[in-house]
Amino acid sequence: MSTEGSFIWCDLSAYRPLVAQAFHAAVLGWDFHEEGGYAYGSLDETPVAAIYQMPPKFMDMGLPSFWMSYIAVEDVARTVELARAQGGRVELAADDHALIRDPLGAGFTVHSAALEEFGPPRQGVGQRTGHDLFCSDISVVAPFYEALFGWKFDRTEPNCHVIRSRTGAPLALAHELPDEQRGKEQYWAVRFGVWDLAASTERAREAGAADLLPVQLPDGPSTFLFDPDGAAFLIEEVTG
């Protein structure tokens, strides 16, 4: 059984997968092994995330590389129906997963896999430590996610909300940023842990990060950056 509304996985749809692998190896210390075109980024042989070739459909649209956040649901068909009723757009739907966009266009994938099959975010260097929504107007999308997953949006800063589960547990963050900081798209980004934020930010710059922006998270500072092909993610300092 899946844990409804929990984040369970992430992958990167990359314009140039080999460039993306080299970049993330340099910044996050991952090793890679490939299975059928899906390259798993791992620490100590335990997969953290994956990178794969962006489908031609998205390349033809001129999209930058992008991270995809996966959310567990028990009934994919019901979630798809509810998303459409709440103003979302369904890009792809299958028996066990669906790619959905919220009313402002941020994409995520719902999946019926059990949480134990993949896993929640973990604190640690090189690990997936969290998920962040970057959008232009949180008030537009909060009702959508509340209807789909029962999430609650708890404002902690003028432009930041903590997203909580039905039980009140923190799940993610939502950031309301203008286009000049966020870019023209609305999206979910993944957060990863690093040992030294300043050193890792400089390493990302040297490895070809396009833009870097300091972002203050509730638990401390982070760097919001774009990889060489435009995929947005965050790095934050962790202790282990």
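Trainee: What makes up the largest nonpolar core, and which residues have the most contacts inside it?

Mentor: The largest nonpolar core has 28 residues, and Phe108, Tyr145, Phe149, Trp151 and Trp188 have the most contacts inside it. A nonpolar core is a set of buried Ala, Val, Leu, Ile, Met, Phe, Trp, Tyr and Cys residues joined through side-chain atoms within 4.5 Å. Helix H4 (138-149) is among the elements that each supply at least two residues, and H4 gives the most, with 7 residues. A second, separate core of 23 residues includes Leu28, Phe192, Ala204 and Leu225.

The model is predicted, with local features needing pLDDT of at least 70 and side-chain atom pairs pLDDT 80 or more, while totals for chains, interfaces and linings use all residues. Residues are numbered from 1 along each chain, and side-chain values use heavy atoms, without hydrogens and water.

Trainee: Why is Gln21 called buried?

Mentor: Buried means under 20% relative accessible area (exposed is over 50%, partly exposed in between, with a 1.4 Å probe and protein chains only). Gln21 has 14%, so Gln21 is buried. Gln21 is found in helix H1.

Trainee: Why are H1 and H6 called roughly antiparallel?

Mentor: The axes of H1 (residues 17-28) and H6 (residues 197-206) cross at roughly 160 degrees and come within 9 Å. Angles over 145 degrees count as roughly antiparallel (under 35 roughly parallel, 65 to 115 roughly perpendicular, the rest oblique). H1 and H6 are therefore roughly antiparallel.

Trainee: Which residues make the contact?

Mentor: Phe23, Ala26 and Val27 of H1 meet Ser200, Arg203 and Ala204 of H6, where contact means heavy atoms within 4.5 Å.

Methods. Axes are lines fitted to C-alpha atoms, for helices over the stretch in contact, and angles run from 0 to 180 degrees between N-to-C directions. Helices (H or I, at least four residues) and strands (E, at least two) are DSSP runs, numbered from the N terminus.
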